[in-house]
Amino acid sequence: MVDSRHHNIDIEDFGAGEGDETISILVGQNYEGYRLDVFLSEKIDRSRSYVQKLIKENLVFVKGFSTIKPSTRLQSGMEIVVKIPVAEAITLTPEYVPFDVLYEDEDIIIINKPAGVAVHPSPGHWKGTLVQGLLHRYPELFSGENSLRPGIVHRLDLGTSGLMVIAKHIKAHERMSMLFKTRSVKKEYLALVWGCPRKVSGLIDMPIGRDSRNRLRMAITPKGKRAITRYEVLWTRNGFSLVRCRIYTGRTHQIRVHFKSLGCPVVGDKLYAPRRERVFDSERIFLHAWRLAFPHPMTGVDVSFRSPLPEDLIFVLRDIFSNRLGKPK
């Protein structure tokens, strides 16, 4: 939970300057035992090295602690204040961004994120993000409870389309976060991959971490976090396979990394298959979050949502079946 209030902490003592963005964060029970740098990296959407730099420069203050380190372990109820220099502070300006709303009640919104729309601002994508579009359509989401990612509980990659759940208030956000953490959310994707996995169905249980040779990529590594993907090949044609995937963990680029490890990278993925034939002109990849199911965060009633393949992906499948794409077999 992120709280924009300062809790009467004197931030002047650790160098807050005029115009700098100051963020106050209250640690919830679900983050008990986390490293400080890992926690802040997630909350302020910066790399761990950037967070470690802020800590080294005394721009992070933990109430009740005279000194802190990146490895400081969190306790529930801790109050943390972070100062982000003005040149690097993110400003969320509401703007129109196209996305479909499939369901809405007092607590949650189910949206269909288009490919090419980043979930929240980041280098290279400061405008036109989903959170800016959400604030344009739902200004009440900007309540100060999550100043950087209002309503966002999980994310989809820039080139991925499909279903996302948005929390409309802090209680729904906390409960949805817990549902994701306890793997109570069923997330299914449809992916088109090059080739065909050796087994038509299976469970991929391989840890994923940052690629030491390319920090933009993730990789299978013994030091990574456990990542679990179950898959089923629906059909294979012309050197392509359509695969249904269910992920039990939410690691960055999980499906993309797991299928690359099988020798079957996702079609359109320039990051993990740069030498493969280009199917899309944009950053689009053939990955679509088509089903989302979970107990409603406030009522506990099971809810389920589906999103059919968008038109641009259907066109690719038509080209495969008409032999305009791939090699006939």
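**Group meeting: contacts, strands and ring pairs**

The model is a predicted one, where local features need pLDDT of at least 70 and side-chain atom pairs count only at pLDDT 80 or more, while totals for chains, interfaces and linings use all residues. Residues are numbered from 1 along each chain as its sequence is written, and side-chain values use heavy atoms, with hydrogens and water left out.

Next, the aromatic rings. A pair of aromatic rings is described by the distance of the centres and the angle of the planes. Rings of Phe, Tyr and Trp (its six-membered ring) pair if their centres lie within 6.5 Å; planes under 30 degrees apart are stacked, over 60 edge-to-face, and the rest tilted. How many aromatic pairs does this rule give? The count is 7. One of them is tyrosine 103 with phenylalanine 305, whose centres are 5.3 Å apart and whose planes are at 45°, so this pair is tilted. Tyrosine 103 is in strand β4 (residues 100-104) and phenylalanine 305 in strand β14 (residues 302-306), so the pair links distant parts of the chain, 202 residues apart. Helices (H or I, at least four residues) and strands (E, at least two) are DSSP runs, numbered from the N terminus. Tyrosine 103 is partly exposed, because its relative accessible area is 29%. Phenylalanine 305 is at 12% relative accessibility and therefore counts as buried.

Tryptophan 235 and phenylalanine 321 form an edge-to-face pair, with 4.8 Å from centre to centre and 75° between the planes. This pair also links distant parts of the chain: tryptophan 235 belongs to strand β11 and phenylalanine 321 to helix α6 (residues 311-321), 86 residues apart. Tryptophan 235 has 22% relative accessibility, so it counts as partly exposed. Tyr31, Tyr34 and Phe39 make up one aromatic cluster.

Now to strand β11 itself. Strand β11 (residues 228-237) runs antiparallel to β8, and 5 bridges join the two. Two strands pair if DSSP finds at least two bridges between them. Leucine 203 has arginine 230 as its bridge partner in β11. Strand β8 (residues 201-205) has Gly202 and Ile204 on its covered face, and Ser201, Leu203 and Asp205 on the uncovered one.

Threonine 229 is another residue of β11. Is threonine 229 buried or exposed? Threonine 229 counts as buried, because its relative accessibility is 0%. The side chain of threonine 229 has a polar contact of 2.8 Å with the side chain of glutamine 254. Leaving aside neighbours within four places in sequence, threonine 229 is in contact (heavy atoms within 4.5 Å) with residues including Gly202, Leu203, Ile204 and Cys245.

A second sheet is open, with 3 strands in the order β1-β3-β2 and antiparallel pairing. Its edge strands are β1 and β2 (60-62), each pairing on one side only. From one strand to the next, the twist averages 15°. Between β2 and strand β3 (residues 79-84) there are 3 bridges, and valine 62 has isoleucine 80 as its partner in β3. Helix α1 lies across β1, β2 and β3, at about 60° to β3. Axes are lines fitted to C-alpha atoms, for helices over the stretch in contact, and angles run from 0 to 180 degrees between N-to-C directions.

Asparagine 30 sits in the loop between β1 (21-26) and α1 (36-43). At 17% relative accessibility, that residue counts as buried. Apart from neighbours within four places in sequence, asparagine 30 touches Ser177, Met178 and Lys181.

Last, a record entry. Which residue does UniProt list for "active site"? The unreviewed entry lists Asp157. UniProt positions are in the numbering used here, feature names are shortened, and annotations may be inferred rather than shown by experiment. Aspartate 157 is in the loop between α3 (130-137) and β6 (161-167). Not counting residues up to four places away in sequence, aspartate 157 touches Lys113, His253 and Arg256.

Notes:
Buried means under 20% relative accessible area, exposed over 50%, partly exposed in between (1.4 Å probe, protein chains only). A polar contact is a pair of N or O atoms within 3.5 Å; within protein, one must be able to donate a hydrogen and the other to accept it, and residues adjacent in sequence count only if both atoms are side-chain atoms.
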